[in-house]
Number of protein chains: 2
Amino acid sequence: MSDTPDSAVDGAGSSNTDVDCFCPLGGVMDLLSRRYAMQLICVVGAIGPARYGEIEETFDGVSSSTLSTRLDDLVEAEILAREQYAEIPPRVEYELTDTGEELCQHLDPLLKWAEKAQEG
Amino acid sequence: MSDTPDSAVDGAGSSNTDVDCFCPLGGVMDLLSRRYAMQLICVVGAIGPARYGEIEETFDGVSSSTLSTRLDDLVEAEILAREQYAEIPPRVEYELTDTGEELCQHLDPLLKWAEKAQEG
DNA sequence: GGCTATACTTTGAACACTGAACTATTTATA
DNA sequence: TATAAATAGTTCAGTGTTCAAAGTATAGCC
């Protein structure tokens with residue numbers, strides 16, 4: 001759904017300075033614009049292989065259902081990798097993929113800035 | 001609401017490597033996590049003083065109500081500045097504030113990356 | 001009087017997020 | 001034998017967010 005690319009900036013581009021077209025970003029940006037997505041990537045990047053419970057503790061106030069959905073989304077987008085161990089009680093670890101690492105390098109300075117902006 | 005700070009990373013921190021605490025980012029990140037917020041900032045940054053209609057054309061598929069809400073959010077957060085001219089038909093221009101400029105500098109590489117990730 | 005242009009607002013439906021309670025499994029304790 | 005603990009989630013009903021489409025206000029032009 002929502003498949004109506006082009007036309008947008010191309011149409012406006014003629015009268016603009018130099019917009020490089022940010023519109024059909026679709027997938028990736030839509031994913032990052034879901035709640036906690038960016039923080040999640042940075043947290044997994046920071047604590048390395050991270051268990052579900054560890055991640056849940058790091059955030060104060062995510063519902064487990066949302067966290068679970070978000071993790072699934074990021075795994076499906078191949079930003080995170082999920083490894084499940086056949087143990088009882090169960091153990092699951094999340095890690096950044098190579099794509100995730102790249103992304104994390106762009107997100108880290110943003111989150112650091114946001115952190116500072118919060119105080120000031 | 002949702003007032004239960006600390007306890008989170010502080011509790012997990014003892015067993016972690018070196019998470020710098022990304023959780024109480026609250027405001028800024030929550031705002032950026034709303035739909036089109038990041039793209040909006042970069043678009044205004046790119047075309048300078050931007051009129052509502054110009055912005056609307058740039059995005060292909062935002063509803064005017066959401067765009068309007070998002071602009072209000074960003075103005076209230078002092079990331080965008082809104083200037084209204086007493087003309088008929090009305091003219092309104094949006095521009096980045098200094099905070100917005102800073103933010104835009106962090107977002108630009110992210111969006112550029114996302115753009116590339118989309119193709120690959 | 002009716003049309004155009006701009007920057008929105010309003011409405012009802014669809015989708016996203018929330019808190020709280022619940023699931024399955026095995027080991028540990030009473 | 002019964003109960004509790006631990007992990008990684010899922011389910012549900014309620015609330016918040018986003019959607020598409022239609023409507024609002026104003027003044028100049030035909």
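Predicted model: local features only at pLDDT ≥ 70, side-chain atom pairs only at ≥ 80, totals over all residues.
The surface near DNA strand C draws two or more residues from each of several elements, namely helix 5 (64-76) of chain A and, in chain B, helix 4 (52-58), helix 5 (64-76) and strand 3 (91-96).

**Surface near DNA strand C**

- DNA strand C is surrounded by 21 residues, and the closest of these are A:Thr66 and A:Arg70 from chain A, with B:Ser64, B:Arg82 and B:Tyr94 from chain B.
- Where DNA strand C comes within 4 Å of the protein, 74% of its atoms belong to sugar or phosphate, while the rest belong to bases.
- Chain A also reaches the phosphates of DNA strand C: an N or O atom in the side chain of A:Thr66 is 2.6 Å from a phosphate oxygen, and a polar side-chain atom of A:Arg70 is 2.7 Å from a phosphate oxygen.
- Sorted by class, the residues of the surface near DNA strand C comprise 7 nonpolar, 8 polar and 6 charged.

**Surface near DNA strand D**

- Around DNA strand D there are 21 residues, of which A:Ser68, A:Arg82, A:Pro90, B:Thr66 and B:Arg70 come nearest; of the atoms of DNA strand D that come within 4 Å of the protein, 77% are accounted for by sugar and phosphate.
- Helix 5 of chain B supplies the largest share of the surface near DNA strand D, with 4 residues.
- The class composition of the surface near DNA strand D is 7 nonpolar, 8 polar and 6 charged residues.

**Chain A and its helix 6**

- Chain A contains 6 helices and 3 strands, which follow one another from the N terminus in the order α-α-α-β-α-α-β-β-α, and buried residues make up 41% of its 120 residues.
- Helix 6 of chain A, covering residues 98-119, has 22 residues and spans 32 Å from its first C-alpha to its last, close to the 32 Å expected at 1.5 Å a residue.
- At A:Leu107 helix 6 of chain A bends by about 30°, and a proline, A:Pro109, follows within four residues.
- The buried residues of helix 6 of chain A include A:Leu103, A:Leu107, A:Leu110, A:Leu111 and A:Ala114. An α-helix has 3.6 residues a turn, so residues three or four places apart point the same way.
- At the start of helix 6 of chain A, a side-chain oxygen of A:Thr97 comes within 3.4 Å of the backbone nitrogen of A:Thr99.
- A:Thr99 itself belongs to helix 6 of chain A and is partly exposed, with a relative accessible area of 33%; the C-alpha atoms of A:Thr99 and A:Ala77 are 9.4 Å apart in space, although the two residues are 22 residues apart in sequence.

- In chain B, 3 strands form an open sheet with antiparallel pairing, in the order 1-3-2. Strand 1 (50-51) and strand 2 (80-85) of chain B stand at the edges with a single partner strand each, so one side of each has no neighbour in the sheet.
- Strand 2 and strand 3 of chain B pair in the antiparallel sense over 6 bridges, and B:Gln84 stands opposite B:Val92 in strand 3 of chain B.
- Helix 3 of chain B, residues 37-47, is largely enclosed by the rest of the structure, because 9 of its 11 residues are buried; among them are B:Met38, B:Leu40, B:Ile41, B:Val44 and B:Ile47.
- Just after helix 3 of chain B, B:Gly48 takes a positive phi of about 65°.

Terms used
Residues numbered from 1 in each chain as written. Chains lettered and ligands numbered in written order. Heavy atoms only, no water. Near = heavy atom within 4 Å. Polar contact = N/O pair within 3.5 Å; in protein donor to acceptor, adjacent residues only side chain to side chain. Nonpolar A, V, L, I, M, F, W, Y, C, P; charged D, E, K, R; others polar. Expected span 1.5 Å × (residues − 1). Bend = angle between axes of the 7 residues up to and from the residue. Buried < 20%, exposed > 50% of the residue type's maximum accessible area, 1.4 Å probe, protein only. Pairing = 2+ DSSP bridges.
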